[in-house]
Amino acid sequence: MKTTCLSLAAAGIALIAAGVALGEEPPNPKIDFKGFRAAAADVEKLRAERRIPEDEFIRLAAEPGVIVLDARTLDKYEQIHVKGAKHLAFTDFTEEALAKVIAAKDTKVLIYCNNNFSGDRANLADKRPPASLNIHTFTDLHTYGYTNVYELAPRLDVKTTKIPFEGKSVK
Amino acid sequence: MKAILALPFAVMVLGLASGQEAANPNVRFGEFADQTAEVQKLRAERLVSEDEFLKLAAEPGTVILDARSKDKYELLHVKGATHLAYTDFTAEALAKVIPDKGTRVLIYCNNNFKDAAQAFPTKTKVALNIPTFITLHSYGYTNIHELQPLLEVKTAKLSFEGTSVDPGPLIEQPGKHRWPTDTKDPQLSFVNVVRADDGTISPQLPGKPGEFLAAAGAPAFESLSVRKNPSGNSWMVSGKIVSTNAGGPVQQVKIYTGGDSRLVQLLAMSDHKGEILFALSPMRSADGKESLPEYLYLDKHSHLSVSGPPQPAETPGWDFGRYKLIYK
């Protein structure tokens, strides 16, 4: 009996100690993983409807008021990007930075990333599928309130695609 | 024949069943959601306090990875951090900066610091640490730790470096001179410098106004420091330029990067205090060989230039102070 009580008490203390240890470091209010997961789950459903083929991408890009957003690294963007695409590196997404590039929260935004194109390993290097930039870009834009985002779906060959490119490495 | 051709296609379609990603096998969301769930559990045990971060950073083999954009990294980053922009994460790029899948990797981002809006602008929605952690995990890195707290750069125990950081203690010339100064105005130092034949600066004792020997009437470098830019093939030179009594108590310092101006990119200048910071890149000779400039010249018009071997003896009317650059 005694042993049981003692061990229960010990377990209780251990639990409390654990609780204290966990509570020591207040979580960083600006880093919210749970919130991100929830957002990502919402986005997954929406994104399924927003992935578009090459022809539709080209058609939408030509509409007035539509923004094509390239979220890759600046130097890669400068080498090659979809003609007319605006640049804002994913790493620089903030409320203000996005507002400068995208006119309104309901502006139609088209996104693409490295994984959409084959044939240029220097400037459009493949990332492992779950790490594709589009996923994070789409999710981020959604959390910032951009509700009208479309994503280029297919994987196209840079050399044969109908989508026009421009940049330092493009002749 | 048909069956054989159909098989790989069928396998591919089955593999993609988890998402509606048939059009692009390289972008897979279902897998992403699974990884995110996995990471959430793991990450909870990998959040570290500032003290723990410092302790782990000091252990050999640890890599501190800064995944922000390059320009932010160059402005300010945790001392010792390696840079690879999140947008450049690929298997090869990561392998170059992280030697091993089991290497201990420490990450931090904008949202760990609240008082440095230019280098660390807060992302009000998704902090960069989150996709960074998830993506590193998806590439098979098993030993990632994330700085948890929200700190102030000003008060943090962490050390920082970058172009926005005060360059810190200045040059060590051979002999480690401490320039004698004689100043009535605390914001200006008066120092006489003697230009030695081999180009090093050695001070002359104050009290002999007019005996300024570098460039008549011109300002001079009181001190000069050269250190390698951690993120590129250039060198950061910081210096303090002072008025000389030969030119009057207050001399306006205007830096014109002349000569091979592409070698000298002025980054910052606090005119009144005479402090300047500029970048030097290696010079390339006709046969493609790279070399670093050996000497810095500051002439009487505050015309800053660099060169390899010392310039020939000055021609009348063109006088300059010559400073030997010491690279460590």
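This short talk goes through the interface of chain A and chain B, then a sheet and a helix of chain A.

Before I start, please keep in mind that this is a predicted model, in which local features need pLDDT of at least 70 and side-chain atom pairs count only at pLDDT 80 or more, while totals for chains, interfaces and linings use all residues. Residues are numbered from 1 along each chain as its sequence is written, chains are lettered from A and ligands numbered from 1 in the order in which they are written, and side-chain values use heavy atoms, with hydrogens and water left out.

Let me begin with the interface. Taking contact to mean heavy atoms within 4.5 Å, 50 residues of chain A are in contact with 55 residues of chain B. The area buried between the two chains, that is, the accessible area (1.4 Å probe) that two parts lose on being put together, summed over both, is about 4600 Å², and carbon and sulfur atoms give 57% of that. Of the area that chain A buries against chain B, 16% is supplied by Lys30(A), Phe33(A) and Thr91(A), more than by any other three residues.

Turning to salt bridges (a side-chain nitrogen of Lys or Arg within 4 Å of a carboxyl oxygen of Asp or Glu), the count between chain A and chain B is three. In one salt bridge, Arg121(A) is joined to Glu92(B), with the closest N and O atoms 2.9 Å apart. On the side of chain A that touches chain B, helix 2 (33-50) and helix 6 each supply at least two residues, helices here being DSSP runs of H or I with at least four residues, and strands runs of E with at least two, numbered from the N terminus. The largest share of that side, nine residues, comes from helix 2 of chain A.

Within chain A there is also an open sheet of five strands, in the order 1-7-5-2-4 and with parallel pairing, where two strands pair if DSSP finds at least two bridges between them. Strand 1 (51-52) and strand 4 (86-87) stand at the edges with a single partner strand each, so one side of each is left without a neighbour in the sheet. Strand 2 (residues 67-70) and strand 5 (residues 109-112) of chain A run parallel and are joined by four bridges, and Val68(A) stands opposite Leu110(A) in strand 5.

Finally, I come back to helix 6 of chain A (residues 133-143), where nine of the eleven residues are buried, so the helix is largely enclosed by the rest of the structure; buried means under 20% relative accessible area (1.4 Å probe, protein chains only). Among the buried residues are Leu133(A), His136(A), Phe138(A) and Asp140(A). Helix 6 is followed by Gly145(A), whose phi is positive, near 95 degrees.

Methods: Buried means under 20% relative accessible area, exposed over 50%, partly exposed in between (1.4 Å probe, protein chains only).
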